[in-house]
Amino acid sequence: MANNKYGILIDYEYCTGCHSCEVACKKEHDLAEGQYGIQLTEIGPWKINDDKWEYTFMPVITKLCDLCAERTAMGKVPTCVHHCQAWCMYYGTVDELTEKMTGKTRAVLITPEQ
Amino acid sequence: MADYKEFLSKVDRKLYHEGEWQWQEGEYTVTRTHQWSAPGCHNACGILLYTKDDKLEKVEGDPLNPFNNGKLCMRCLNLAEATNHPDRLKYPMKRSGERGENKWERISWDEAYNIIVPKIKEIKEQYGSHTIVGVHGTGRNINWQLPYFYNAGLETPNISTLFFSGFACYLPRVVGAAAVTGEFVIVDAAVGQEERYASKKWTVPECVIIWGNEPLKSNADGFLGHWLVQCMQMGTKFICIDPRLTWWASRAEVWLPTRPGTDAALAIGMLNVIINEKLYDPEYVEKWCVGLEDLTARVQEYPVEKVAEICDLDPEKIRKAARIFAAAKPAAVQWGLAFEQQLCCMSLIVAVCDLFALTGNVEVPGGMIMVRNAFGTQRNYNCGEEWLPAEAAAKKLNGDAKGIEESSIVPHADSNVILHALETGEPYPIKAMWIQSSNPLACPAMDSPRAYEAMKNVEFIVYADPFLTPTAVAFADIVLPVAMGPERNSVRSWWTPLRAMTKACSYYEAKTDEEIVVEFGKRLNPKAFPFKDDIDFLEWYITEDGNWPGTFEDLRNQGWAYWDYDATYYKHEKGLLRPDGEVGFPTPTGKLELAPFMYYQWNLDPLPFHLEPPESPISTPEVYKDYPLILTTGARSYEFFHSEHRQMPTMREFHPDPLVTMHPDVAEKYGIKQGDWVWIENHRGRRFKQKANITLGIAPQVVSAEHGWWFPEKEASSPALFDTFESNSNNVTLQEVTGQGGIGNPIKSSLCKIYKVVEGVNDSVSIGEQVVRGDYRDGK
Ligand code: SF4
Ligand code: SF4
Ligand code: SF4
């Protein structure tokens with residue numbers, strides 16, 4: 001069955017922790033200090049072995065997210081996706097995004113309330 | 001996004017008004033332009049400005065712009081907050097109290113002209129125009145405009161980033177790379193191609209070394225760091241050379257956390273592997289390089305085991321990195337500021353140029369490409385030098401410089417010689433200073449307390465900036481309000497494409513750098529300023545000094561323009577590089593000079609060598625006993641560009657305090673917990689305080705401190721000066737310690753100890769107070 005609900009896919013393998021998604025969201029929704037529609041988490045760094053480190057950034061989408069309803073109604077993509085400097089965020093239907101996820105090892109798909 | 005074509009196909013070009021530079025969207029006027037300082041950065045990303053009633057309301061990255069594809073970093077996303085900040089300077093002001101009292105009287109621009117112009121004229125007549133020093137910041141919207149004004153308007157040869165000893169920023173890389181290749185080279189992340197990553201001519205680099213910088217945070221030298229994340233998603237492998245485990249290091253094939261200040265040794269070690277294991281490109285070398293024999297002899301003095309010992313690295317990892325780099329086709333090096341901020345700067349530059357030359361990576365797609373500023377808008381710091389009177393030029397403060405400093409390749413005066421003149425009045429006293437878009441006390445001034453003392457000796461200081469900074473409060477006699485990026489017409493071409501900046505709003509009486517230059521220039525030296533206004537000045541730069549075939553208006557309408565020259569590969573094979581039109585590189589031999597002739601000319605050793613930092617476990621073991629940590633300064637963050645952005649609530653929400661990064665072993669040894677304020681102190685009794693950031697991602701012998709901190713929320717007047725001396729990493733650095741040819745300064749490799757700030761025990765006297773009182777020692 002087709003799933004045409006919209007969502008955001010984050011390929012967090014490439015997230016650099018640049019904060020653009022957080023600030024873009026705050027500005028779009030005029031969020032107060034300490035409030036975020038999307039907020040970064042940072043994991044590591046710790047050493048796995050001599051050549052390998054764990055050092056991961058992953059943005060978490062909160063209940064304040066409205067999937068940028070105003071923007072998407074105009075035909076724009078959500079501002080976090082639009083500005084993501086590492087090109088690691090995608091906006092689309094669950095079906096489109098599930099397909100995009102294939103083969104990726106570290107990616108999450110979120111479908112905020114809409 | 002590995003699939004760039006998919007991205008392009010999804011952008012709604014109609015929705016984003018392709019082909020228009022301005023339109024109406026509901027209550028907003030939208031202007032398609034580029035943002036470049038202020039607030040600053042080294043780039044100029046494509047941006048859409050939403051204004052209403054002459055005020056910037058919001059922004060969005062321009063997805064049609066190939067430079068940044070609609071992406072913006074948090075600083076530009078916060079542009080409305082910056083532009084509408086209540087602390088901005090609104091009017092020209094003159095000082096009404098003593099220097100440092102922070103008392104000002106509002107004046108009109110006419111009054112400002114009437115005070116400044118006669119004063120400058122009087123100084124020129126009485127003492128000579130060379131007694132004025134012109135100061136500018138880095139990468140700001142001033143890099144040809146202010147040199148033009150200083151050369152042609154003030155008529156002084158003494159132009160400087162001030163108190164930045166050893167030219168320790170970028171210029172040496174430009175000059176050194178030009179010695180080897182004839183021009184400058186950058187990593188080819190498809191920046192010259194309008195189709196960017198979809199260009200058929202371009203190749204994804206197979207390997208990139210990220211060396212001595214964090215390009216994601218700094219976006220330095222006209223290069224957006226995130227372009228390389230695109231490359232990574234398309235398959236590029238990385239090697240990272242940095243004592244810190246940066247994002248790149250954590251994802252690198254090899255991370256080499258070299259001891260600060262030993263990068264040249266490491267580069268020679270890698271050359272040793274590549275030469276002795278014959279991993280270089282023999283055909284390319286035969287055809288396009290010269291000097292391999294000399295270089296081969298030199299690298300024998302640096303066996304990998306010896307290099308590993310110098311650098312505190314595993315020799316096998318050095319070999320591995322060298323082999324990966326040499327085997328990759330194409331390969332490139334993203335180099336950064338750490339190059340200049342060590343003593344053997346010029347040696348390191350030649351060694352790294354040799355690495356990419358020997359492996360056949362110059363002028364190949366995905367390698368190191370030779371770029372010029374689009375449409376020949378080539379002049380920067382030397383702009384307007386044709387107007388400098390010969391008698392003033394002869395008095396340039398570069399002391400008895402021989403070799404490299406004597407050559408006009410380095411347009412700046414020597415900061416150390418200026419310092420000497422300020423302190424002693426020799427060879428002549430400095431009578432006036434014009435500082436525009438620079439905040440020396442909080443940022444570039446090495447040994448900032450000494451800089452503070454030295455500046456007291458200048459009789460008349462004009463200061464222009466968007467904000468009242470510590471330097472302004474301490475020394476300005478007249479303050480001029482500078483417009484922010486969205487409020488100016490300008491152009492940008494570092495490197496390509498040629499980009500227009502279009503004025504979309506205004507703020508009280510603030511004027512743009514260009515307007516200030518033209519208005520004062522006309523009054524000081526009319527023949528050199530035949531320009532009607534700012535746009536006329538810009539037009540001269542792009543069409544007469546450069547070769548843009550249209551007007552400023554044409555450029556604005558079009559937004560940006562790509563240039564065939566920068567999109568062309570193998571220019572050396574096509575006779576495009578040399579003035580005589582022959583094939584080859586624009587060096588004296590026409591080849592890539594592995595031991596460059598220009599280095600001989602400049603009295604520099606043309607072959608790479610290692611020099612110990614002047615303070616290190618090896619060169620000063622007795623100091624090291626009590627100061628057992630290596631201090632590296634100047635760490636960047638996403639929130640700030642140098643000393644800017646500290647007054648922005650959003651930036652401080654993310655990054656409230658200055659951070660000093662250390663390994664958990666270090667923290668444990670000194671009883672320091674995450675978030676503790678700590679003193680970082682050196683053997684000269686100098687110190688500064690920052691908050692502890694404890695992470696496994698740093699070499700255990702190294703602590704890394706941030707720079708550029710001042711606290712706009714704190715008391716402005718002296719001695720506090722916005723607490724600019726409290727957390728200033730330049731409290732502990734030195735001026736006048738330079739490498740070969742007066743180039744390079746070891747500010748990224750000194751010794752320190754750290755200890756907790758304990759209330760009531762060692763925090764009794766503020767550093768700022770001590771600096772201003774002049775008994776700056778031990779903090780007691
Ligand atoms: S999609 Fe959600 S998280 Fe992203 S910017 Fe919009 S509201 Fe914020
Ligand atoms: S904008 Fe993209 S890269 Fe930056 S923090 Fe957010 S998800 Fe990560
Ligand atoms: S790099 Fe960041 S601050 Fe610089 S122009 Fe681009 S978005 Fe703006």
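A pocket, on a 1 Å grid over the protein atoms alone, is an open set of points with protein on both sides within 12 Å along at least five of seven lines; a cavity is a set where a 1.4 Å probe fits but cannot get out, and lining residues have an atom within 4 Å of a point. Volume here is the space filled by probe spheres set on the points, which are joined across faces, edges and corners.

This is a predicted model, where local features need pLDDT of at least 70, side-chain atom pairs count only at pLDDT 80 or more, and totals for chains, interfaces and linings use all residues. Residues are numbered from 1 along each chain as its sequence is written, chains are lettered from A and ligands numbered from 1 in the order in which they are written, and side-chain values use heavy atoms, with hydrogens and water left out.

**Exercise 1.** Describe the second largest pocket and its lining.

*Solution.* Start with the space: about 1100 Å³. Then ask which element gives the most: that's β2(A), with 6 residues (strands are DSSP runs of E, at least two residues; helices are runs of H or I, at least four; both are numbered from the N terminus). Finally, sort by class: 16 nonpolar, 16 polar and 11 charged. Here Ala, Val, Leu, Ile, Met, Phe, Trp, Tyr, Cys and Pro count as nonpolar, Asp, Glu, Lys and Arg as charged, and the others, Gly among them, as polar.

**Exercise 2.** Work out what the salt bridge between B:Lys94 and B:Glu105 ties together.

*Solution.* First check the contact: the closest N and O atoms are 4.0 Å apart, and the rule asks for a Lys or Arg side-chain nitrogen within 4 Å of a carboxyl oxygen of Asp or Glu. Now place the partners: B:Lys94 is in strand β5 of chain B and B:Glu105 in strand β6, so the pair links parts 11 residues apart in sequence. Last, check accessibility: B:Lys94 is partly exposed at 28%, and so is B:Glu105 at 37% (buried is under 20% relative accessible area, exposed over 50%, partly exposed in between, with a 1.4 Å probe and protein chains only).
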